[in-house]
Amino acid sequence: TSVSFDLPQTLSEPRVPSAVIDPSVQPSLTLYAKSAVLMDAESGRILYEKNGYEILPMASTTKIMTCILALENGDLNDYAEVSSYASGMPKVHLGARSGEFFRLEDLLYSLMLESHNDSAVIIAEHIAGSTGDFADMMNRKARKIGCDNTFFITPNGLDAGMDHYTTARDLAKIACYAWKKPMIRKIVKRQQGTITSLNGNTYTFRTTNKLLGNMDRVYGIKTGYTRKAGHCFVGMIQAGNGKIYISVTLGGPTSDARWADTRRLLQYADTLK
């Protein structure tokens, strides 16, 4: 079943985007987001685009790349120590205490479900020794994936000026790369989780993905919000034709607008043959 979201009355009507791909292919969708893309995850083909090359901050959708690097460079059974710097991250955070130890796999659920900023820093410091060195790894990986208009400063996407940015096209590429990893697919399909540190403290959290469990065959992937970035989301649907499609919306004016935009994109994907 599908879920509908009522948009606030204060929102002005969205503009019909100008087509930057073949107008005969581009659907006539109206979106509130500043930038959006719908991509075939297997082929990388763009099926819908609104300002897909516009440079924008991406908030916590950044954590998709953090998760990728943790899986490619870490051992899920390793224990990562919480530094005083990590424990001082602002909300949304797990609330981990300095000196605690967490299994890396558990931190990935915290990272991707409720988008904890401290978990991102714990992971980054465990993998690379510092968030700066981890950001270097993130940028090298982005280039390898083919994202030439993306630059990372932090592992969590907290506002870092316009030096931390991406485009809807690049973020869709990163998401398509991530979706090929079975562990990421397993993580983002979960609606809630509970983890226990080596020190014996237990933490419970829930997904921030409001479409999960409320829209057929939607399983991911990641929300994001900061004042500068607005409301962002990277979505995923396994359409009726069996294909996987990735949606990206950046710069949404409200949370409800973000979900409405994503539903329009993924519902369109579900009609494709």
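**Labels and their grounds**

Reply: In strand 2, Tyr 48 is the residue opposite Leu 38. The model is predicted, so local features need pLDDT of at least 70 and side-chain atom pairs pLDDT 80 or more, while totals for chains, interfaces and linings use all residues. Residues are numbered from 1 along each chain as its sequence is written, and side-chain values use heavy atoms, without hydrogens and water.

Me: What makes strand 1 and strand 2 a pair?

Reply: Two strands pair if DSSP finds at least two bridges between them. Four bridges join strand 1 (residues 35-40) to strand 2, and the two run antiparallel. They therefore count as paired. Strands are DSSP runs of E of at least two residues, and helices are runs of H or I of at least four, numbered from the N terminus.

Me: Why does Thr 166 count as buried?

Reply: Its relative accessibility is 1%, so Thr 166 falls under the 20% limit. Thr 166 lies in the loop between helix 5 (131-145) and helix 6 (168-179).

Me: What joins the side chains of Thr 166 and Thr 150?

Reply: A polar contact of 2.7 Å joins them. The term requires a pair of N or O atoms within 3.5 Å; within protein, one must be able to donate a hydrogen and the other to accept it, and residues adjacent in sequence count only if both atoms are side-chain atoms.

Notes
Buried < 20%, exposed > 50% of the residue type's maximum accessible area, 1.4 Å probe, protein only.
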